[in-house]
Amino acid sequence: MRFCARALTAIVMLSSGLAGAVFAQGDEKTMEEYLALVTPELRTRIERARADFDHWPDPQGRAAAEQVLDAGEAAIPFLSMDLREGSPKAKACAAHVGGRLKARILFDEIVAASQGKPAQPYLREFFQAMTRIDAERAEGPILERLWEKDSGTRHLAYTFLDALVSPRMVSKLSAVLSSTTPGTRQYAIRLLARLDDPSVYDPIVGHLGDEAAVVAREASDGLSRYNDPAVFERLDRTFLDVRDRTAAFAIRTMVLAEDRHGIRILKDDYAGRLLGWTELADDRFVRAMGTVGLVNLGLALDDKNVVNFLDRWAVPVLIDTVGGGVFFDEYQAVRDLCFAKLAQVTGRPPSFDVDAWKVWWDGNRAIFKAVRGLKEAAEGEAGRAIVELVVDEPGRAPNILFFSCHRIWAEDGAVEEGDGEEGDGGGEAPVRPERIVLAEQGMGEILAFFKRLGFFELGGVYGEESARGRRIEVKVSIENLIRRVVVHGYREKVFDPLVLLLGDIARENRWQRYWDRRTFPEWQTWYEQYEGFWRQAKDPLERNRKLKSMLLNSYEFLRPKWREEAAAEFRGLMEEDAEVTESMVYIVGAYLKQEPGLTRAAEDWIRALAEVRQIDAVHTAIDFLLECDSPQAAGLMDHVLVRAGGPISAAMLRESESRVRAAACEAMGRFPDEEIDGLLMEATKDTSTAVQAAAAYSLGLRARPIGIPTLEELATTATDLDVRKAALVALGRIGTDAVLNVLIGALAESDPGIQGAAIRGLGFSKRPEAVSPVLAVLEKATDPVIRKVSVDALVALGGKEVIDRFLYLASRSPDAPMRLAAIRALGTLEFDGKLEALQTGLEDPEPEVAVETALVLARLGQRIAIPTLIQSLGRGVRTLGCETELARLTLVSFPDAADPAERAALYAEWWQGNNQVGPRVWLLNALRTRGYPVDTLVAWASGNDEDKSGCPVLVSALGDENWCLAEGASRALVEISGRTDLPVLTQNSSPEEREAAYLKWKAWWAMRSQADGGGGGGK
């Protein structure tokens, strides 16, 4: 009945003139025009699929959505019916499809369908559809949902608004602050604080006095992110002019801002009121914030009353606060800040264990003095010393090393924040520092090294902080004395020896990460027993084998979130030295079987087993991979067998599982052993066609004439098409005169798969005689697959005849797809006059050919392609490709623009202002926009090819999260250095490749600087 009713409704709409009048407002087409697109065939397909809309969001419903989506704009009238008349699930499914189609005509109906309690479970689909259709227009309906009482609805609305928030929403969000619901006000403040717009300051400051502590805390957190004197002035007025609780939130904000930005905001004359709070305030939150403010003031202000308070009362007040002195919502506003101030005023390692703090204070209150600046590390104090190193570079997670003496480690019962199990802290886990525990002798050596470098005489901060700049921080703590030094940028070299020394110590002591304090309570005894071995064992192999044994023995006791790291470490150790005992192989297999599937840890265990190259290890890995049965598992099986070597792979041909025999055949194609030819030829008679095809493939890889008779027989008589295709390609890889007749003969086959395999084989053959027959196929081909295979084969064959033919087809073929294919081929071939030949394609009357030409030229770094790319982007032709290449060439992108036409207009404006300067200036401007210090690049950008002083900035940009900027920096480094052997990054470079590129270029610059006498290699 439902199907018939819908069909009847569609007929009514087709015959009605009302549809266009109702739905045409503000859209390119009226509903009547959409209805005119509906053919009987499309109607049947759409109606059949819509019958499953009620299964949304199950797979059946999602499949129906994809089928309707394939119908394109013809589906819009039917979606309109579902949005008005369907069940809640059908409405959600229709909204999903309408959003994917970006059907502006459905926007109001999607908004209407999202109202009411039945739509509640599907609000995500409705919101997503609105934002896809018109993000700016979606702001209003979604923002309205912030007012609702239901917390789930509010949170979902906030999630979408977080991606949409812009200065144009300030007035609307400010109005939301009048809501009586604290959660609504909280979200509105959080969104306002995302904007770098001075108009948001007053609305947020006004809510520091909000009656709901959660809202006041949100206002405080949001304001603390601004480093703007205008904000500090408002906070100063708030502190001086209002009631204590509001003033306390102002102090909290200023302290957070001081800590975040490394600046001084609190004024000296605040001390009197803050001291008064600590003595007289009834509100414990106010008293806590008075103490927090005095900690920051006391570290910079020489006032005996403040110093006396810090020495005697600050610690107990802070401990009382986090131990239950402040309750409910206000506790969240004080907890992290008070714990941080406890560590700061005492100089002890950060800890969130209140009981441990109480015990420590009970034993130290009589002798405690608040932290002062450390002038010198006294002799004999190494046992109480803590050294912290933070290296924070652009685009990379901070590397944090924490060094302490084993005495402190044993006495400190608290586990550092972030060491608990995943999910136990709520919110994003902090970066976990690597804690290195040393004997007193080792810590004494560090302190002595620091003294020799004059570390304790250094100032506090060197260089200027930049959002995209490098930061190195070293902090030394002894008892309650601290020296902290921060260096911004790359010019100050004072820390390089310290970073190298501490990094070496961390690597030498990496074995410590595999011992869990909770599992091994006698850690100090164990450390004293084994620490000597690690200090004395200098042989890398000896350390490697000891570390492998330790890792396997402790893996079971490691916390789950560390096991992945341990498996990767074991794999790395195996790649350094593959020696293991039989029991170790068994243990690795046991850990592998514990994995729920082909996880990252499982892959590392398998790759570690591959290094063993023993039959038992191979069986262990392959048995696991057979259970997984995925392309990734097949790739790993190939890796294991290739690493195992020829004899083990040959033994696998006797396995009962055909997938193993096929994988063994593929692996054997990579081994040089002569006897493998016979084994592979025998495998072509296997009962499994998959094994036969794999054996034929590997005979081709080996490219030995001995395999020709077997392959010719398979290519001409095999009944399985996959086997025939594998044999034809393999014959081409061998490429002798004897195989050409078979391959050319197969070109006449009616099956396109066989014909394509023969073409591929001719391409692999590299024989000039293959050019003419493949050209003949290309010029007659109507099948796009055959055409593409033919073009690829001709590119592989190369030569003047191929280039000449492609040049002719690119400019004179009446068939636009043929011109397109020829342009793509020419882009991959090297020949004289290539750029000039390609440029003619920019004038092609077919937009697709012109834009393809521009894309090819752009990949070759030719700025002449930019106008065509902009024009094509504005017309919506190859939008993604045009945007990618424009970003690569110009190093500029406009992600906030609403649609491609708007982005095209912005690029056109950019081009008008920048077409007279070169790519070097574009790179300079892009780096400046991202916050890099670019003064050392100015001479190079102005044409001074000899000036290399900007290389460190370019090296640092290799880690930038903006891929086109990282790629541009790597291309510039190649240009400056002339080193074509060092890597160039691309959009598709993996994180590992980016890391490797960064390290290689960094090492190159270090060597060059050293060769230039430490002067930085300026010229």
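**Reading a predicted protein model**

Biologist: Which residues does Trp605 touch, not counting residues up to four places away in sequence?

Modeller: Start with the term: contact means heavy atoms within 4.5 Å. Trp605 touches Leu551, Leu552, Tyr555, Ala567, Phe570, Val588, Tyr591, Leu592 and Glu595, with residues up to four places away in sequence left out. Now the ground rules. This is a predicted model, in which local features need pLDDT of at least 70 and side-chain atom pairs count only at pLDDT 80 or more, while totals for chains, interfaces and linings use all residues. Residues are numbered from 1 along each chain as its sequence is written, and side-chain values use heavy atoms, with hydrogens and water left out.

Biologist: How many residues are in the largest nonpolar core, and which have the most contacts inside it?

Modeller: The general idea: in soluble globular proteins, nonpolar side chains tend to be buried together. A nonpolar core is a set of buried Ala, Val, Leu, Ile, Met, Phe, Trp, Tyr and Cys residues joined through side-chain atoms within 4.5 Å. Buried means under 20% relative accessible area, exposed means over 50%, and partly exposed is in between (1.4 Å probe, protein chains only). Here the largest core has 204 residues. Trp605 is one of those with the most contacts inside it, along with Phe403, Phe450, Phe455 and Phe806. Helix α53 (residues 963–977) gives the largest share of this core, 9 residues. A second, separate core has 128 residues, among them Leu164, Leu173, Ala193 and Leu294.

Biologist: What does the protein chain have in helices and strands?

Modeller: Both are DSSP runs, numbered from the N terminus: helices are H or I with at least four residues, strands are E with at least two. The protein chain has 54 helices and 7 strands. Of its 1019 residues, 52% count as buried. Take the contacts between residues at least 6 apart in sequence: 64% of them join residues at least 24 apart.

Biologist: How do I read two packed helices?

Modeller: Two packed helices are described by the angle between their axes and the distance between the axes. Axes are lines fitted to C-alpha atoms, for helices over the stretch in contact, and angles run from 0 to 180 degrees between N-to-C directions. α47 passes α48 in a left-handed crossing. A crossing is left-handed if the near helix is turned anticlockwise from the far one by less than a right angle, and right-handed if clockwise.

Biologist: Which residues of α47 meet α48?

Modeller: On α47 they are Ile866, Leu869, Ile870, Ser872 and Leu873. They meet Thr879, Cys882, Glu883, Glu885, Leu886, Leu889 and Thr890 in α48. By class, this contact has 7 nonpolar, 3 polar and 2 charged residues. Ala, Val, Leu, Ile, Met, Phe, Trp, Tyr, Cys and Pro count as nonpolar, Asp, Glu, Lys and Arg as charged, and the others, Gly among them, as polar.

Biologist: Is the crossing of α9 and α10 left-handed or right-handed?

Modeller: α9 passes α10 in a right-handed crossing. The axes of α9 (residues 123–133) and α10 (residues 135–144) come within 6 Å and cross at roughly 145 degrees. Phe127, Met130, Thr131 and Ile133 of α9 make the contact with Ala135, Ala138, Pro141 and Ile142 of α10. That contact has 7 nonpolar, 1 polar and no charged residues.

Biologist: Now the loops. Where does Leu891 lie?

Modeller: Leu891 lies in the loop between α48 and α49 (900–914). Its phi is positive, about 65 degrees, although Leu891 is not a glycine. At 11% relative accessibility, Leu891 counts as buried. Look next at Asp629, in the loop between α31 (615–628) and α32 (631–644). Asp629 is not a glycine either, and its phi is near 50 degrees, a positive value. Asp629 is exposed, with a relative accessible area of 55%.

Biologist: Which residues does a cis peptide bond join?

Modeller: Trp56 and Pro57, with omega about 0 degrees. Pro57 is in the loop between α4 (40–50) and α5 (59–70).

Biologist: Is Ser224 buried or exposed?

Modeller: Ser224 is buried, at 2% relative accessibility. Ser224 sits in helix α15 (residues 213–224). Leaving aside neighbours within four places in sequence, Ser224 is in contact with Thr253, Leu256, Ala257, Arg260 and His261.
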